[in-house]
Amino acid sequence: MIWKSALRRLGAALIVMVGISMLIFAIARVMPGDPARIALGPNASAAQVAALRAERHLDAPLPIQYWEFVKALSRGDLGKSLYTNRPVTTDIAQFLPATLELVIVSAIIMVLIGLPIGILSAHFRGRLPDHVGRLIALIGVCTPAFVWGVILQLFFGYFWPVFPIEGRLLESTPVPPDVTGFFLVDTLLAGNVPAFFDALHHLILPAVALAMAGLGQTARLTRSNMIEVYDRPYIEMARAYGFRPLRIATRYAFRPAFIPTLTILGLEFAAMLGNAFLVEKVFGWPGISRYGVDVIIRKDLDAIVGTVLIIAAAFLIMNIVVDILVSIINPRIRLAAGRG
Amino acid sequence: MSEPGSPVIAKRGGSRAVAAFFGNPLSVAGLVIVVAIVLLALAADYVTPFPEHVGPIGDFAAMSAAPASPYMLGTDTMGRDLFTRIIYGYRLSLIMAVVVLAIATPIGVIVGLVAGYRGGWTEYVLMRITDVFLAVPPLVLAMAIMGFLEPTLLNGMLAITAMWWPWYARLIYNVTRAEASEGYVLAAETVGASTAHILFREILPNCWPSILTKMTLDVGFVILMASSLSFLGLGVQPPTPDLGSMVAEGAKYMPDAWWLSLWPAIAILLVVLGFNLVGDGLREAFEAEG
Amino acid sequence: MKLSTKVLASVAMLALPAFLATPSFAERVLRLDESPIGEIDPSKVTDYADTVLAVNIYDTLVYPKAGGPGVEPLLATEWTTDGKTWTFKLKDGVKFHSGNPLTADDVVFSLNRMIAMGQGFSSLFAGRVEKVEAVDPTTVKFTLTEPYAPFLAALVRLPIVDSKTVLANKAEGKYGEFGDYAEAWMSSHDAGSGAYKVESQNPQSETVMVKFPDYFLGFAENAPDKVRYRYGIEAPTIRALMSRGEHDISDLWLPPEVIRALAGEKGIKLVTEAGGATGEYIKLNTARAPLDDVHCRLALTYAFDYETTLKILKVNDKYAQGIPMKGPLPSGLLGYDKDLPDYKQDMDKAKEELAKCKYDPKTSPIDIAWIAEVPARERIALLMQAQFSKLGFPVKVIKTPWALVSEQVTKPDTAPHAVEIAVAAVTPDPDSLLYNMYSSKVPPTWMSAEHLKDAKVDELLEAGRTETDPAKREAIYKELNKTLRDLAPAINAYEFTGVMVVRDPVGVPKLEDKSKQTLDNFNLVFRDISIAE
């Protein structure tokens, strides 16, 4: 039952992916300037520009360009980046794991810190821990990720230099052999525990900067959902039976409150993929987002399309996973094709 | 638009809502912040010490001066007063937020109303289009659009608007679907009211609380998004003062000229915080109203 | 993605003992940075980072001379010319990283590859070299289409690749029997003979190079074993890394404020790259009213505030990111005339010239563009606006991204009246700078945003190309320099001198000893650098 509806979600996601690829192509058409000229640099001759235009079908009408793109995509070919001069798939394979690793660690921080803050706030509703918790959550939500990045880098770069402020590994640490692209996994596969901790050490600041907004959102939602559950009669009853407050919180109030929280985690994951642009720039994180900024500034057509598609795909997959998780935790929620 | 909540609440006669809003010190604090910022931005020409510093001028004798009289918050790398530029930055941010929401909200509301009420193919097509927009992280889509366009104020607003309306479509779609089967809608259908009448006269009024709350919160988030874009160099261009690019440019001088990016960062935090507090207050007030 | 190989690899890695993955000895590591991207294919060199990579991974027949204009031998030991044919004798016993010997065939192959691919600096050779042949393994002969004196200097832009390694790694491509000329492979591997070889390459984040112990010229005593050339690190990060001692040599583009702050810290010194090749020109559009009148142009050159400009660029009493110019030729090139007076602001003379100009400033608006990617230029643009307004011109300042500027300036109608553009001589010959800027024969590019058409200038430019006697050439370029000073197609604002922040124990002889300094961009020679600790 779950799998059948998951498949249906996957089908809808595919339609959305086609839509996105068309949308991004339509946007690409209004682009001023000549991407071939920009790619070849101002010293290139007119003949060189014309040759590149022909090679990349840049002179063909948009539907033809789109068709060429779909044909190539079916061969696993996203074109060539004019900026790095390499296949876009090579670039994505190199840069995507670093971003996913960062976002996943951020998501873990978001849940591990955001949920307890929300639970404590709800539990001590109207008292000091609640006020402190709400304030932390609010400031988290209201501060742009790049500001967190700058603040953390300033603090840990100068005043209390206990964390590395850029890169994924110390230079003395050998880069682990590329298996998954996730350094946390690859270092362990290589059996190099110190390298694992080094990678983790490098992840902390960017991951925290990225997690702050989602952390605040998670805490706020958990709090309001918990409060709503606390007001329900069966909790009143549990109180009347004299259950310990902690037991009520964890056993009876948390689970129903967690489901609506979980559904927004997918959205927060998406927001993180976007905000990663801001954090990777500050921390020199060699991920897909920084690559995205670079190719956008250089109007690198194939690479922009590839980057946006891959981020959209990651986001859609994450949402499907969240939906499946929700339906496992609470089978009463039916998976619908268009989730509200 | 500057303070959208209160007059509407008053008109709907929600005295309980008003009481709930003003009974919450956080909401009141938010309202004070918002009103103060809006007033400062409106009166920028009169309250700022160096209104001419908004333009393309430089005072190279006072480059990157630390906070001290007469520059309360210090000067930027052109020797221009930061306080003045932050206030004008607020003006720009607020204009952007108002314009974006004034365009995105009606589009989103109409799409949501039609899709939610008509159902069938209309619903499927409209909501799949909405999904397409929602499936790309908003910042990514706005960046992609800005990457193709020249970075100007107008294009910046366009890019943010393009990714903002789907959220309203989603919200109103859900409310409409719930309302469409309510008794009052069925009654209107029975007496042969036109679709337009049902959508805008019967269903829409019941969406107002959700729309208003979301819009208030969104003023803050549009400002956040705009500043993120300009942090990446894809927003409004100098010499126009823009909070996001001030943080980005100033960050290059950290920590030696900390004031260059610290004050604009705090300025962003304050305005987003203010609108969030007001929005939260409104939501709770509407809930109290029932 | 070949998933199965990845899984196999992971299983294999599990079986490896852990000590293999940890460093075995303390290496000397040199850490530098530049803006992205770092291109290691020598046929695609365009910018600063690419040049530094090419210089260290590859060798060229000649190298820019230390301490003055011109070239000195590198792979070539001697050469002869009659202006049209150039014959070079190669050093014997030079080996590539692969172990293959470097021969005249490799030189022929390298030139053919560069011209065929048509990127990077191929325009220095394309259409100019009629024939290149290997006379014997250590003699190579170039036959040009016509006598061309700057050819010798252009050879600093022809890195020699290992033809056997390149051909062994070619893939299918559009170059006939040469396939793709190993274009794909060369973007992440090297085929050079240089003092350092590529260990890993990521064009967006870093190139790691290690010492090539068999290099034919040897190394400084404490030369780095490994070099990490990193790309796109933000200024505040460099700032923090430098003060933590975790970075050795900064890029050239830190703002003066940041350099000043770093200079005050312990264990840090400044060095300057003043190879005298880069002019910062305010290019005036000579094809558009009112600047098609030389008097209006001269008025602007007198109104420009040279003193404040230099003050903005000043780091401290000893270092600045710019020095005054005395004409269009920067100080490191043949023809530079140190006896000409400095430019100085003089509003009276400006008004005098303006009175001779046929346009009324009040009705002649002037557009000043500044390139968005270089925030420091906003200051210069604003400074110009203030001064030119004083002459009565309505002035508009527009921030424009480089991609757009480089397109706009190619047409006289769309080129702004004034835009600051840095142009550097890419070879140690004044021709590589002035011909591209001021010859009316060259199709318009960003370098020729002035759109100057002047018969005398053209004549001198051609004379400089055909004359092979250095003394006569110097006289030609001195006259050209003077002529251009009077024509004022550009405000020669300042000569760019890069200031780098360096960790104390790191010695960079070419940048610390004026007599060893060469042309801009050819000074970061890793094998010369010592790390004393």
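Select residues 303-329 of chain A: their end C-alpha atoms lie 39 Å apart, and the span is 100% helix and 0% strand. Helices here are DSSP runs of H or I with at least four residues, strands are runs of E with at least two, and both are numbered from the N terminus. What you see is a predicted model, in which local features need pLDDT of at least 70 and side-chain atom pairs count only at pLDDT 80 or more, while totals for chains, interfaces and linings use all residues. Residues are numbered from 1 along each chain as its sequence is written, and chains are lettered from A and ligands numbered from 1 in the order in which they are written.

**Still in chain A**

The span 303-329 is one of those that the unreviewed UniProt entry annotates as "transmembrane region" in chain A; the others in that annotation are 12-31, 102-123, 135-160, 199-216 and 257-278. UniProt positions follow the numbering used here, feature names are shortened, and annotations may be inferred rather than shown by experiment.

Now pick residues 135-160 of chain A. This span is 88% helix and 0% strand, with its end C-alpha atoms 25 Å apart.

Next, colour chain A by domain: domain 1 covers 2-74 and domain 2 covers 94-297. These bounds come from an automatic or database domain assignment. The C-alpha centres of the two domains of chain A lie 34 Å apart.

**Over to chain B**

How many helices does chain B have? There are twelve, with zero strands. The C-alpha trace of chain B spans about 75 × 45 × 30 Å along its principal axes.

Contacts are counted when C-beta atoms, placed from the backbone, lie within 7 Å. Among contacts in chain B between residues at least 6 apart in sequence, 71% join residues at least 24 apart.

**Sheets in chain C**

Show chain C as a cartoon and find the open, mixed sheet of four strands, ordered β1-β10-β9-β8. Which strands stand at its edges? They are β1 (29-34) and β8 (196-202) of chain C; each has a single partner strand, so one side of each is left without a neighbour in the sheet. Neighbouring strands of this sheet are turned by 20° against each other on average, direction ignored. Strands count as paired if DSSP finds at least two bridges between them.

Zoom in on β8(C) and β9 (206-211) of chain C, which pair antiparallel over six bridges. Here C:Asn202 stands opposite C:Glu206.

Then select β6 (129-136) of chain C together with β7(C): they pair antiparallel over six bridges and form a hairpin with two residues between them. In this pair, C:Val129 stands opposite C:Leu144. Strand β7 (139-144) of chain C also runs antiparallel to β5 (85-90), joined by five bridges, with C:Thr87 opposite C:Lys141.

Finish with the open, mixed sheet of six strands in chain C, ordered β13-β17-β12-β16-β14-β15. Its edge strands are β13 (322-323) and β15 (395-400) of chain C, each pairing on one side only. Within this sheet, five bridges join the antiparallel strands β12 (278-284) and β17 (490-496) of chain C, and C:Gly279 stands opposite C:Glu495.

Notes. Axes are lines fitted to C-alpha atoms, for helices over the stretch in contact, and angles run from 0 to 180 degrees between N-to-C directions. Two residues are in contact if their C-beta atoms, placed from the backbone, lie within 7 Å.
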